[in-house]
Amino acid sequence: MPRLGSDLPLFARDAELAALRDALADAANGRPATVLVSGDAGVGKTRLLHEFNDSAGDGVLTVTGHCLDTADSALPYLPFAEIVGALARDEPDLVAAHPGLRPLLPGHPGTADGDLGRLGLFEAFHAALADLSATRTVVLTLEDLHWADRSSRDLLAFLTSRLTGQRLLILGSYRADAVHRGHPLRPLLAELVRLPAVQRLQIDPFDSQHAADFVRELNAGLDEVSVSKIAAASEGNAFLAEELAAAETHTVTFELAEVLLARLERLPDAARGVVRLASVLGRRFTYARLNAAAWSMLDETGLRHERELDEALRAAISHGIIAQKSADTYAFRHALLGEAVYSDLLPGERIRYHQKIAESLAGDDGKGAAAELAHHAYESGDLRCALTASVRAADEAFELAAPAEALLHLERALSLFERVPEAQRPEGVTELRLTLRAAIGAEASGEVKRAQSYSAAAVRLADAAGDRVAGASARRKYAKHLLTVEGNEAEAYKVAWEAWELVKDEEPRAVKAWAQAVVARATWSNRRHKEASEWAAQAIATADAVIDSGAEDEHGGARAAKADAILTMSMAAFRFGGLSTDDTIARSEEALDLVRGLGWYEVELRAHFNMGLVLVEHARLAEALAHFDRGMERALCTGDKWSAFGLEIAVRQVICNYMLGRWDEVDANGEIASSVMPGVVLTRLAAAVLLVDVARGRFETADRRLDYLADRWQIDGQVLALTALCGAELDRWRGRPADALRRVERATEWMAGMKGYHLAGVSVCAAGIGAAADLAHRRRRDGDTAGAKDAVAAGERLAERGRYFLEHGQPLSGTLGPEGLAWAAQLEAEASRLDGDGDPALWRRAADAFDYRGAADRAETAAAPPTAPARLDAAETGAIPVAPARDWAEPYRQAYARWRLAEALLAAPGADARAQAAEVLVAAKRTAIALGAQPLREELCALAERARLDTAMPSSTPLTPRELAVLRLVARGLTNRQIGAELFISEKTVSVHLSRAMAKLEVAGRAAAVNAAHLRGYLTEE
């Protein structure tokens, strides 16, 4: 059931509320002020003021007056009359003591006409406020000042100019979008802001994340896609979000249109006509476009001179309908307003407007003109023009690295192709060419399913035309698109083989080299690695023959096929030890050089991905991340961010940043993963950012991601592994070990049949064993011996499954890398908790395993410690070769292992073990605080408190690292602006952190917050 916004707690206005409370605290200390609160209609001004007044506290008198839209019959002193009426009911002696207030009482015959009458009323009101504020703080709120009458504006100016020590706070709200140049409130605002006691508080729309959260609160029944669409459509406006969430749509409803169009009725006739024309142009438009369209339809607009167009546009701007974005660009103040105006047009009007705009665009070769012409020609029914313009617009979009826009134009062109006679179609444009380009645009945009559909359609078109070369080329692309989603490997190999069969008898040419290269990739994906290497060698030979003959096509197809084959061959050699990490990178760089500047972006991104991947395998994470960053930079430049390898790079960026402890970078990806994106992209990213959501304690966000991913883990094994691991950890942090255990058992059963993800299953099993140990401990504590035995048995089964995964897993390099060894160590350490408090030696080993910096020699030569199980010795020294480690660490996992190590040490006898536990806890807590790993930090603090350990740090703190950093700088006397410069954040963000810190510390001012944090020891944390 949708909830009204007024039923919700105040949402995402901590900084604004803190600013008002600061002003109230100043007023209580004899420093009165007037705060002018501004913002667009519906942004939440009234809700903020109501919350502030309701929470002002005992000893504060709050009284509110409202201005009303009474058009030309404004009632004088209306808000002040409401205030005096309320005071007369609650403070009857006040009016008796100040008879000059009587003209404001309901039904009183007296008037305040004339200068003397006005002055008497003004003085009486001022004196009454002085009396009221003598014994308590008074908050006087005036809402909707944009509707205030002249008398009320004068009285407000009088009171504000005489704030000289009263315990008084005056609040006034107004709509910023309603105060146009000629508005009578504008001169008063200009006068008031010059007074030292006057402050301004701008209420901005919610940002994208808060807007989405607000929509979820309004209507819990909405799915995530609907939430994202409604949040985007509302543009952070609370009123619009409420209306859309209640209607469960992201488009304008009839009721909402009525509200939005009311503003249009106040415009002059000419201005209304211009606004209607602008709505057909779109949300944003240039003056040149509007001008050209306006003069092409003089009969519709009634304009006689360009000056009249300027006046009409100025009127629309003044009334908050249109906003100027740059010297020549304008836009509707809100997208829904433009949509409402467009929807209000009659069908004939729309067609006529579109036709005239299309005519005005004829012959325009500027950027964006083709896209606009295609749209307006299509809407006006000129299909021939729409087809030609759509093809041009798609070409231009590809040139501008905008594949999603190119796809839209191509899809329109495909829908028009059969409806336009062949003689009227653009020269050289065929349905096959449009379909292949649509597949390219879909793949680059992350629309994997659509890319596969278009590629399959291209194969059918090529076969129908009887063109073997085109059929092979189309199949090569179709096979490539099939390989972007797991589960299609067999089909991809079949399609790739068909491509080869079509051209195997051809002389050496690019399409033949590509057919061999794609067969190599498909063979590799089907885990026939040596065969893949042989096919890659054949592709390289064919490509070299083409290049040497000088017959290569202009797009460098043979070079690209050779580069792709080199990447396949180098990965095969890396797997079987034929190439070292550095040599594999060198071969990838060679492939990159072959295609640089030729436009084969997929091959470029694959090269960057391979280089990062082999470095990850050998624990050179910082270097790997640098390659992933290079790849993503290239993907952004080419528009291929969400292509197959663009997405792979983005996911690896998230995971590397998580492992290195760079969680703020992961959070940036988390915002992307909360938006409306193609399904595969959103699924892969959402699964990766779950790691930080869970570790930082954002459990509600994690719940939403897990709900979304519940039926989508089939996309690939990595999603299954991540959702199982993160879901189990989430359950454990919440104290639900039985749920975590069931989740892991289900997931690992699936993973047992996915050979490529056996090693990923080791981490999932470790989490499940930990959950089984938690459950066994709880049941032993509750006296449930049988339940504890069952939990231990479940944990032992998972331990055996994890060891099976470890034995049968296939590392990319053929050797078990540092990450695999670390998880193997943690699996055994977790297993040691099943029947007791854990083995300190195994947990110390796990903690050390998650820090390999400078341990290359040790990893190659060190024997397993005596306490390690024999099965792990075999993994390190026998059955599974061990890769040398270099410069690799995962601080969060190490901190977790140290927590468990401290638990095990505290259960061991002797003062030395206790001292070691304290030392380990300090190190773990320092890491948890630095990362913002709230659940782990709470457990570490709880353990220290239970054990009565002095860890040289406070046992707990509610403040985030950023809030602590802000408070430390406040303690040094820095202003918010100076703090922002110091921390490289905005002044407003500083205010948000400060207000949240004050709320957590339950204080009302900056100095009080610093004092409270200092007394509690928070500011001494490292």
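A: We begin with burial: a residue counts as buried when its relative accessible area is under 20%. The model shown here is predicted.

Q: What percentage of the 1022 residues of the protein chain count as buried?

A: By that cut-off, 54% of the 1022 residues are buried. The C-alpha trace spans about 100 × 95 × 50 Å along its principal axes. Of the contacts between residues at least 6 apart in sequence, 70% join residues at least 24 apart.

Q: How many helices and strands are there in the protein chain?

A: The chain has 49 helices and eight strands.

Q: How do I read a sheet, and what is the strand order in the open sheet of five strands?

A: Strands of a sheet pair through backbone hydrogen bonds, either parallel or antiparallel. Here the pairing is parallel, and the five strands follow the order β2-β3-β4-β1-β5. The edges are β2 (60–66) and β5 (198–202); each has a single partner strand, so one side of each lacks a neighbour in the sheet. From one strand to the next, the twist averages 20 degrees.

Q: How many bridges join β3 to β4?

A: Strands β3 (residues 137–143) and β4 (residues 168–175) run parallel and are joined by five bridges. In this pair, V139 stands opposite L169 of β4. Helix α6 (residues 150–161) packs on the sheet, where it touches β1 (33–39), β3, β4 and β5. The direction of α6 makes about 140 degrees with that of β4.

Q: How do I describe two packed helices, and at what angle do α40 and α43 pack?

A: Two packed helices are described by the angle between their axes and the distance between the axes. For α40 (residues 840–849) and α43 (residues 891–907), the angle is about 165 degrees and the axes are 8 Å apart. The angle therefore makes α40 roughly antiparallel to α43. Their crossing is left-handed. Residues in the contact include P840, W843 and R844 of α40, and Y896, R900 and L901 of α43. By class, this contact has nine nonpolar, one polar and three charged residues.

Q: At what angle do α12 and α16 pack?

A: Helix α12 (residues 269–281) packs with helix α16 (residues 335–343) at about 105 degrees, with the axes 8 Å apart. So α12 is roughly perpendicular to α16. V275, R276, S279 and V280 of α12 meet G338, V341 and Y342 of α16. The classes in this contact are four nonpolar, two polar and one charged.

Note on methods:
Residues numbered from 1 in each chain as written. Predicted model: local features only at pLDDT ≥ 70, side-chain atom pairs only at ≥ 80, totals over all residues. Heavy atoms only, no water. Axes fitted to C-alpha atoms, helices over the stretch in contact; angles between N-to-C directions. Helix = DSSP H or I, 4+ residues; strand = E, 2+ residues; numbered from the N terminus. Parallel < 35°, antiparallel > 145°, perpendicular 65-115°, else oblique. Left-handed = near helix turned anticlockwise from the far one by under 90°. Contact = heavy atoms within 4.5 Å. Nonpolar A, V, L, I, M, F, W, Y, C, P; charged D, E, K, R; others polar. Pairing = 2+ DSSP bridges. Buried < 20%, exposed > 50% of the residue type's maximum accessible area, 1.4 Å probe, protein only.
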